[in-house]
Amino acid sequence: MSNGDVFLGEVIGTAILILFGAGVVAAVVLNYSKAKDSGWVVIAFGWGFGVLAGAYTAAPLSGGHLNPAVTLGIAVDTGDWDQVPVYIAGQMVGAMLGAVLCWLVYFAQFQANAEEEIAQPTLGIFSTAPAIRNPVANLITEIIATIGLVLPILAFGLTKGLGESGTAVLVVAFLVVGIGLSLGGPTGYAINPARDLGPRIVHALLPIPNKGTSDWSYAWIPVVGPLIGGALSGVIFHAAF
């Protein structure tokens, strides 16, 4: 795969991922949305379907990593680092683009939110925040949850039938749903540095009325935690398999 194909594939795929993922959160939390208050299970499946759509779209061009932690885990396992910067650059651009598209889709709801007597904070639509703010615990959660994503993804590559049947991405999508349902409660399961940082930057830049803080004091955890988890996954996989 050429650098151009990799970059374009990751931009498109990650944009679709964030459009679906941020979109489902917006649908659930914003007033005047038809999906208002539909709950955590809907959010988990929305993110899973975002992975499904984004990865299948990107796969012919880039393999559909959509996540620096996945890219890092693969590089640690294989020792091939040549295209890692290209992958991560595409993922970051795509994540920011997807966040902007989500804002456009829900533009009227964001404007209406500002007219409420008590406006809702909007950062949770774009990025994650912990239920209990404890940096050590939050970091550990993100590391473990990311290992729960990246290590199985690496192992799925050993199952020949998944690749031949084209169902590997479908299995990964259900894996993301499972992580959300089982491990998402403490931190909102970023498990992807681009997924959190790109939309957080967009949230800080967008003209969203009464949008509240972008919480930069927490922003390092959903970046560092998944990167550590991805690297550890590569080490574990390389040693065990």
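The largest pocket holds about 720 Å³ of space. A pocket here is an open set of points on a 1 Å grid over the protein atoms alone, where a 1.4 Å probe fits, with protein on both sides within 12 Å along at least five of seven lines. The volume is the space filled by probe spheres set on the points, and grid points are joined across faces, edges and corners.

Before I go on, this is a predicted model: local features need pLDDT of at least 70, side-chain atom pairs count only at pLDDT 80 or more, and totals for chains, interfaces and linings use all residues. Residues are numbered from 1 along each chain as its sequence is written, and side-chain values use heavy atoms, with hydrogens and water left out.

By class, the lining has 22 nonpolar, 10 polar and three charged residues. Nonpolar means Ala, Val, Leu, Ile, Met, Phe, Trp, Tyr, Cys or Pro; charged means Asp, Glu, Lys or Arg; the others, Gly among them, are polar.

Which helices each supply at least two residues of that lining? They are α2 (40–62), α3 (68–78), α7, α8 (160–165) and α9 (168–183). Helices are DSSP runs of H or I, at least four residues, numbered from the N terminus.

Now the packing. Take α2 and α9. Their axes are 8 Å apart, at an angle of about 155°. Axes are lines fitted to C-alpha atoms over the stretch in contact, and angles run from 0 to 180 degrees between N-to-C directions. That makes α2 roughly antiparallel to α9, a label for angles over 145 degrees. The α2–α9 contact, meaning heavy atoms within 4.5 Å, has 17 nonpolar, two polar and no charged residues.

Next, α1 (residues 3–29) and α2. Their axes come within 8 Å and cross at roughly 165°. So α1 and α2 are roughly antiparallel too. Their contact has 19 nonpolar, eight polar and two charged residues.

Last, α7 (residues 135–156) and α11 (residues 221–240). The axes come within 7 Å and cross at roughly 40°. That makes α7 and α11 oblique to each other; oblique is what remains after under 35 degrees (roughly parallel), over 145 (roughly antiparallel) and 65 to 115 (roughly perpendicular). The contact includes Leu139 and Ile143 of α7, and Val224 and Ile228 of α11. Its residues divide into 15 nonpolar, seven polar and one charged.

Key: 1 Å grid on protein atoms, 1.4 Å probe; cavity = no way out; pocket = protein on both sides within 12 Å on 5 of 7 lines; lining within 4 Å.
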